[in-house]
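Welcome! Have a look at it first, and then we will go through it topic by topic.

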Amino acid sequence: MQASWLDDDRNFVWHPFTQHQTSGAPLPIVRAEGSLLYDPSGKSYVDANSSWWVNVHGHGHPHLAKALNEQFSVVDHVVFAGVTHPKASELARRICGILPPTFEKVFFSDNGSTAIEVALKMAFQYFHNRNEPRTKILALDGAYHGDTFGAMSVGQRDYFNAPFEHLFFDADYLPFPSEENAEQVLQRADDLLKTGAYAAFIVEPLVQGAAGMRMYSVDLLDALVKCVRKHGVLVIFDEVMTGFGRTGKMFAMDHCQEIPDIVALSKGLTGGVLPLGLTVTTRPIFDTFLSDETARGLLHGHSFTGNALACALACASLDLFEEKALWERIKNLEAAHLAFAKELAEHPSIKGLALLGTILRFEIDVEAESTYFSHVRDTAYHFLLEEGILLRPLGNILFINPPYCLTADEHARICKGIFAFLEQLPER
Ligand SMILES: *Cc1c(COP(=O)(O)O)cnc(C)c1O
């Protein structure tokens with residue numbers, strides 16, 4: 001029985017981010033509960049990266065299960081152009097209620113990449129509708145905003161998207177900011193923005209996820225946003241990964257003085273259970289799309305826009321964020337990360353330790369360059385899998401961003417596994 005579905009996988013499935021010629025067999029998972037995943041033999045794996053950074057409450061949460069089942073018996077899915085339903089409007093109101101008060105309008109789509117596409121289209125059309133067309137976007141070196149064409153156009157240009165590069169629209173990149181280069185970065189931003197060519201600055205606030213959970217300070221982000229604002233250019237925060245408690249606050253922008261004009265949300269939005277993306281913006285931006293002419297509206301939508309099951313899950317997830325106990329779990333996770341980080345810092349093979357909220361990242365100090373293809377990626381991945389930990393390193397960068405329900409024992413299992421991995425590394 002069991003072998004047959006794995007044969008089907010081998011014969012018929014094309015997996016994401018996978019070179020099928022060299023990749024081994026995928027890990028078969030037949031059950032998921034809390035922070036644990038189970039293979040057919042019953043062996044458990046701690047879901048140390050929250051199933052690709054999405055799962056915030058753990059798998060099979062009873063409150064989410066109830067919301068999903070109830071919604072299915074009421075409205076499953078209906079067209080969202082010219083039609084509405086209670087869960088979408090409830091979600092829109094509640095999202096605006098937890099974002100800063102300038103956020104008043106919510107556009108629904110299907111995932112992180114589409115939320116970014118919508119944000120980019122909003123920004124370009126905002127200027128188009130004002131008869132000041134702009135052609136470029138400003139972004140940061142190392143950015144990742146998704147895998148659709150618009151999102152790739154504003155992301156880091158490298159081997160991941162090289163086959164498509166000739167098709168991208170214009171974007172310019174600021175160096176990744178640090179205390180050392182802050183002045184040059186701001187100067188560069190100022191010089192570029194002065195040209196008036198840019199519709200928006202798009203940025204992953206405080207943490208660049210796919211760049212290896214690369215972190216920068218609130219002060220640097222605030223200074224950048226302030227600079228962009230001064231030039232009348234829109235600011236887009238890609239909170240697809242940072243949203244919903246990841247950074248220790250509800251949103252990364254909650255750490256900041258300066259807030260964006262547009263924010264993209266997804267991943268943890270539904271508790272990480274169903275795909276859903278939101279692009280949220282201000283009343284003045286929404287108002288530039290109002291007209292007697294249809295074409296001035298945002299003529300964008302997907303078949304599953306406003307999916308009622310996903311909206312019900314997102315509302316149920318927000319219920320859980322209203323509980324004090326959840327924020328205590330986030331605090332405890334942060335404290336456990338900090339204690340682990342202190343131990344790790346002593347190890348000669350560790351560098352680049354950084355911590356924010358529920359994310360802990362570090363690098364294994366290898367001779368080779370720190371690229372995605374670094375062999376440490378494979379050895380660490382397989383070693384940790386043996387130890388019952390599912391953790392996808394990015395090159396020689398390891399990070400832990402688990403569901404917030406992770407228990408102390410499960411955290412300890414991750415720490416123990418990582419130390420065991422470090423122990424068997426060749427002496428440096
Ligand atoms: C994952 C991610 C995206 C893309 O979201 P998908 O749902 O995978 O399309 C965009 N931006 C950031 C910061 C992400 O981490």
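**A first look around**

Leaving aside residues up to four places away in sequence, threonine 281 touches Thr102, Phe103, Glu104, Lys105, Met122, Asp261 and Ile262. Please keep in mind that this is a predicted model. The points below begin with that threonine, move to an alanine in another strand, and then turn to the ligand and the salt bridges.

**Threonine 281**

- You can find threonine 281 in strand 12, which covers residues 277-282.
- Is threonine 281 buried or exposed? Threonine 281 counts as buried, because its relative accessibility is 2%, under the 20% cut-off.

**Alanine 139**

- With a relative accessible area of 0%, alanine 139 is buried.
- Not counting residues up to four places away in sequence, alanine 139 touches Val154, Asp172, Tyr173, Leu174, Phe201 and Ile202.
- Take Asp172 from that list: 33 residues separate alanine 139 and aspartate 172 along the chain, yet their C-alpha atoms are 6.2 Å apart.

**Around the ligand**

- Which residues surround the ligand? They are Trp53, Asn111, Gly112, Ser113, Tyr144, His145, Gly146, Glu204, Asp238, Val240, Met241 and Lys267.
- By type, this shell divides into 4 nonpolar, 5 polar and 3 charged residues.
- Serine 113 has a polar side-chain atom 2.6 Å from an oxygen atom of the ligand.
- In the side chain of asparagine 111, an N or O atom is 3.4 Å from an oxygen atom of the ligand.
- Aspartate 238 faces a nitrogen atom of the ligand instead, with an N or O atom of its side chain 2.6 Å away.
- On its own, the ligand has 380 Å² of accessible area, and the protein covers 83% of that.

**Salt bridges**

- How many salt bridges does a search of the whole structure find? The search finds 18.
- One of them joins the side chains of glutamate 90 and arginine 94, at 2.8 Å from N to O.
- Glutamate 90 and arginine 94 both belong to helix 4 (residues 86-98), and because they are 4 residues apart there, about one helical turn separates them.
- Arginine 94 counts as buried, at 13% relative accessibility.
- This pair is also part of a network of salt bridges that links Lys87, Glu90, Arg94, Asp319 and Glu322.
- Another salt bridge forms between arginine 130 and glutamate 132, whose closest N and O atoms are 2.9 Å apart.
- Arginine 130 is partly exposed, with a relative accessible area of 38%, and glutamate 132 counts as partly exposed too, at 28%.
- Arginine 377 and aspartate 378 form a salt bridge as well, with 2.9 Å between the closest N and O atoms.
- Here the two partners fall into separate classes: arginine 377 counts as buried at 11% relative accessibility, while aspartate 378 is partly exposed, with a relative accessible area of 41%.

Methods: Residues are numbered from 1 along each chain as its sequence is written. This is a predicted model: local features need pLDDT of at least 70, side-chain atom pairs count only at pLDDT 80 or more; totals for chains, interfaces and linings use all residues. Side-chain values use heavy atoms; hydrogens and water are left out. A salt bridge is a side-chain nitrogen of Lys or Arg within 4 Å of a carboxyl oxygen of Asp or Glu. Helices (H or I, at least four residues) and strands (E, at least two) are DSSP runs, numbered from the N terminus. Buried means under 20% relative accessible area, exposed over 50%, partly exposed in between (1.4 Å probe, protein chains only). A residue is near a molecule or strand if one of its heavy atoms lies within 4 Å of it. A polar contact is a pair of N or O atoms within 3.5 Å; within protein, one must be able to donate a hydrogen and the other to accept it, and residues adjacent in sequence count only if both atoms are side-chain atoms. Accessible areas come from the Shrake-Rupley method with a 1.4 Å probe; for residues, only the protein chains shown count as cover. Ala, Val, Leu, Ile, Met, Phe, Trp, Tyr, Cys and Pro count as nonpolar, Asp, Glu, Lys and Arg as charged, and the others, Gly among them, as polar. Contact means heavy atoms within 4.5 Å.
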